Amino acid sequence: MPTVLVPAYRPGPALLRTLADVRAARPDWHLLVVDDGSGEAYADVFARAITLGAEVLALPTNRGKGAALKAGFAHVAATRPGSPVVCADADGQHALDDVVAIGERLLADPGRQIVLGSRALDAGVPLRSRIGNAVTRRLFAAATRTRLTDTQTGLRGLPAGVLAWACSVPGERYEYELQVLLRAARAGIALEEVPIATIYLDDNASSHFRPVVDSIRVYAPLLVFLASSLAAFAIDTVALLALQALTGDLLLSVVGARLTSAGINFAVNRRLVFEGGRRVRTRTAAWRYAALASALLGANYLLLSTLHGAGLALLPAKLVTEVALVSSSFAAQRAFVFAPGRGLTGDGQDEATSATGRPSTIEASGRSRGPR
């Protein structure tokens with residue numbers, strides 16, 4: 001049977017309503033609440049959760065939503081092997097029918113897909129949430145070429161077979177959920193969207209999401225790469241125009257400009273963009289990067305010459321070409337060039353790492369109370 005996992009930090013009454021509703025609708029499903037260091041002031045809430053039939057795993061300090069989810073995944077894998085997990089938020093913004101639907105979907109197909117409860121995000125959604133999701137959705141599509149309706153949903157279903165993998169995904173706070181989506185395709189895990197109701201209570205006032213700090217955490221991997229690509233583009237463009245003016249040979253200009261910008265881009269991406277880059281030997285990464293750069297160079301030249309030959313001026317043709325290829329470059333560098341040797345195969349063999357790429361351990365020393 002599924003486990004409904006609810007990470008909770010200083011929860012309100014909505015947590016208890018969610019637990020009671022699920023317990024009444026599916027009495028044979030397991031309920032697991034991870035207390036993410038809420039403190040003694042909230043001990044009564046978690047004690048009442050236990051009376052509702054939930055197991056409570058208490059983390060000694062607040063570590064963030066990602067850490068709480070990973071602690072829950074590790075606990076389920078260790079104590080209830082074979083149980084798929086439905087992740088639900090503690091703020092009551094997931095309808096009971098949708099929580100049950102995600103669990104039923106996992107029972108019907110226990111394959112290698114993460115089931116996402118996707119909201120419509122229409123006019124009834126707070127403006128900051130609509131803007132945030134729209135930005136993330138477009139950046140995510142640019143990076144992965146995968147289009148999702150809702151990249152920030154907290155209602156997710158994970159089959160038992162991917163829990164160990166999910167524990168290996170870096171990220172301790174809100175950025176973790178986006179990291180899961182970014183890495184799923186590379187690990188051979190499909191993303192399946194299921195429409196759910198859109199519920200925002202009190203303009204999302206109960207959310208612990210910090211707009212500035214947590215947004216930076218969420219968008220950092222994509223923004224750093226885009227900044228690196230933009231810098232390489234600027235270098236490449238200046239060199240291209242200069243070489244074209246000097247030689248009048250487009251092919252020679254493209255090759256020369258790309259060699260100049262590629263060297264700088266490789267060094268920046270290996271050290272700053274991809275957390276696994278420094279775990280790959282420099283020679284190995286350089287050969288992979290050279291192979292990718294050669295492929296992209298060919299594609300760049302073909303597209304640029306086609307656009308230029310069709311009458312588009314060189315500079316706008318260059319802009320269109322680079323925009324068209326940037327997402328392919330990101331996906332290939334993440335999955336191939338800077339992928340550590342063992343790779344994410346989805347079998348949970350990767351070492352857990354923090355958002356900075358340093359090894360970390362899943363909090364397994366939390367106190368577990370209540371039914372198991």
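Predicted model: local features only at pLDDT ≥ 70, side-chain atom pairs only at ≥ 80, totals over all residues.

Visitor: What makes strand 3 count as mostly covered?
Guide: Strand 3 spans residues 55-59, and five of its five residues are buried. Buried here means under 20% relative accessible area.

Visitor: How do you know that strand 2 and strand 3 pair?
Guide: Pairing asks for at least two bridges between two strands. Strand 2 (residues 30-36) and strand 3 are joined by five bridges, so they pair, and they run parallel. Leucine 32, for instance, has glutamate 55 in strand 3 as its bridge partner.

Visitor: Which elements make the β-α-β unit, and what is its hand?
Guide: Strand 2, helix 2 (residues 43-51) and strand 3 make the unit, and it is right-handed. With the strands pointing away from the viewer, the path from the first strand over the helix to the second therefore runs clockwise.

Visitor: Why is the contact between aspartate 89 and lysine 65 called a salt bridge?
Guide: The N to O distance between their side chains is 2.9 Å. The cut-off is within 4 Å, so the pair qualifies. Aspartate 89 sits in the loop between strand 4 (85-87) and helix 4 (96-108), while lysine 65 belongs to helix 3 (residues 65-79), 24 residues apart. A search of the whole structure finds eight salt bridges.

Visitor: What else does lysine 65 form a salt bridge with?
Guide: Glutamate 177, with the closest N and O atoms 3.1 Å apart. Glutamate 177 lies in helix 7 (residues 175-184) and lysine 65 in helix 3, so this pair ties together parts that are 112 residues apart in sequence.

Visitor: Why are glutamate 177 and lysine 65 called buried?
Guide: Glutamate 177 has 9% relative accessibility, so it counts as buried. Lysine 65 has a relative accessible area of 17%, which is under the 20% limit, so lysine 65 is buried too.

Visitor: How do you know that lysine 70 and glutamate 172 form a salt bridge?
Guide: Their closest N and O atoms are 3.4 Å apart, and the limit is within 4 Å, so the label holds. Lysine 70 is in helix 3 and glutamate 172 in the loop between helix 6 (163-168) and helix 7, 102 residues apart. Lysine 70 has a relative accessible area of 2%, so it is buried. Glutamate 172, at 18%, is buried as well. Arg63 is linked with Lys70 and Glu172 in a network of salt bridges.

Visitor: Why is serine 118 called buried?
Guide: Its relative accessibility is 7%, so serine 118 falls under the 20% limit. Serine 118 lies in strand 5 (residues 113-118). From serine 118 to alanine 197 the C-alpha to C-alpha distance is 8.2 Å, though they are 79 residues apart in sequence.

Visitor: What lines the second largest pocket?
Guide: By class, 14 nonpolar, six polar and three charged residues. The pocket has a volume of about 470 Å³, and of its 23 lining residues, the closest to the centre are Ser229, Ala232, Glu322, Val326 and Ser329. Helix 8 (211-247), helix 9 (250-273), helix 10 (282-309) and helix 11 (314-337) each supply at least two residues of the lining.

Note on methods. Residues numbered from 1 in each chain as written. Heavy atoms only, no water. Buried < 20%, exposed > 50% of the residue type's maximum accessible area, 1.4 Å probe, protein only. Helix = DSSP H or I, 4+ residues; strand = E, 2+ residues; numbered from the N terminus. 1 Å grid on protein atoms, 1.4 Å probe; cavity = no way out; pocket = protein on both sides within 12 Å on 5 of 7 lines; lining within 4 Å. Points joined across faces, edges and corners; volume = space filled by probe spheres on them. Nonpolar A, V, L, I, M, F, W, Y, C, P; charged D, E, K, R; others polar.
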